[in-house]
Amino acid sequence: MIAEPVIQQIHNLDIATVIGGYVALKHKGRYYECCCPFHNEKTPSFKVDSAKGKWYCYGSCQEGGDAIAFVMKCNNCSFYEAVKTIAQNHGITYEEIEQSSEDETKSRKREAMFSANALAQEFFVKSFNEANQEAKNAREYAYNRWNKSFVNETGIGFAPNSWNGLLNFAKSKGASLDVLEELSLIRKSEQKSYYDFFRARLTIPIRDRFNRVIGFAARDLTNAKDTPKYLNSAESPLFHKAESLFGIDTAIRQAR
């Protein structure tokens, strides 16, 4: 494990400097841009915002994140492996903290939860950008309420009106169903079969100050009677509603 002050030092770096070590960025207005390194394209759709410490692909990927998320995607590695890589590349000294077996078990569980939330976020964004009418209606609602840039950069997604959309996606990726259930992403019926918790809802990811998804708020799109307008993720080792603030990851960066 690596101490949080080291992670904070990494977030203090100019994201364009970190990403510039992997791709050739060009300064254009308030952004840096280049052709997306994650898919083939001729016109640059990959933009980096140093002020917010975020990158986003407006092309086929339709996803983004911070410097750590970029290195994770580039190197296909874990959060802490990406942290170590950035620290080494930018002269940040760090020590790995030894943990007791109990603490190590807790850390591994937290990492499994972060991975499950990231997987759910991937599914929700993918579903939001589908070509079907249900996704089109979700986009129309979102773009009428917020501007398109905010929707994309925030990572607002869509949970389709399906009992097993996320469940099947998670299974295909080898995710732990027990972890997904503990995060309230799926639930278990009286017949002991799993089903998706969020259905027919816009999903709004809630992140920690290191940009990791810790939970979701989900807005109902059916307007059905007796259906709660908003649902939140259940309390978990990652998410505590009373202590979690939407946008804290961006707010801290901009305040700094």
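Tutor: Ser 115 is partly exposed, because its relative accessible area is 49%; by the cut-offs used here, a residue is buried under 20% relative accessible area, exposed over 50%, and partly exposed in between, with a 1.4 Å probe and protein chains only. Ser 115 belongs to helix 5, which covers residues 101-128. Helices (H or I, at least four residues) and strands (E, at least two) are DSSP runs, numbered from the N terminus. Although Ser 115 and Val 213 are 98 residues apart along the chain, 8.9 Å separates their C-alpha atoms.

The model is predicted: local features need pLDDT of at least 70, side-chain atom pairs count only at pLDDT 80 or more, and totals for chains, interfaces and linings use all residues. Residues are numbered from 1 along each chain as its sequence is written, and side-chain values use heavy atoms, with hydrogens and water left out.

The loop between strand 2 and strand 3 may be taken next. Glu 41 is placed in this loop, with strand 2 spanning 31-34 and strand 3 spanning 46-49. Contact means heavy atoms within 4.5 Å. Once neighbours within four places in sequence are set aside, Glu 41 is in contact with Cys 34, Cys 35, Cys 36 and Phe 46. The Glu 41 side chain also reaches the backbone nitrogen of Cys 36 at 2.6 Å, and it makes a polar contact with the side chain of His 39 at 2.9 Å. A polar contact is a pair of N or O atoms within 3.5 Å; within protein, one must be able to donate a hydrogen and the other to accept it, and residues adjacent in sequence count only if both atoms are side-chain atoms. Between the C-alpha atoms of Glu 41 and Ser 60, which are 19 residues apart along the chain, the separation is 8.9 Å.

Pro 37 is also found in the loop between strand 2 and strand 3. With a relative accessible area of 35%, Pro 37 is partly exposed. Leaving aside neighbours within four places in sequence, the contacts of Pro 37 are Val 23, Phe 46 and Phe 70. The C-alpha atoms of Pro 37 and Ala 67, which are 30 residues apart along the chain, lie 14 Å from each other.

Two further loop residues have positive phi values. Asn 76, in the loop between helix 3 (67-75) and helix 4 (79-89), has a phi near 50 degrees, a positive value in a residue other than glycine. Asn 76 counts as exposed, because its relative accessibility is 72%. Ser 184, in the loop between helix 9 (177-182) and strand 7 (186-188), has a positive phi of about 65 degrees although it is not a glycine. Ser 184 counts as buried, because its relative accessibility is 2%.

Buried residues account for 43% of the 256 residues. Of the contacts between residues at least 6 apart in sequence, 58% join residues at least 24 apart.
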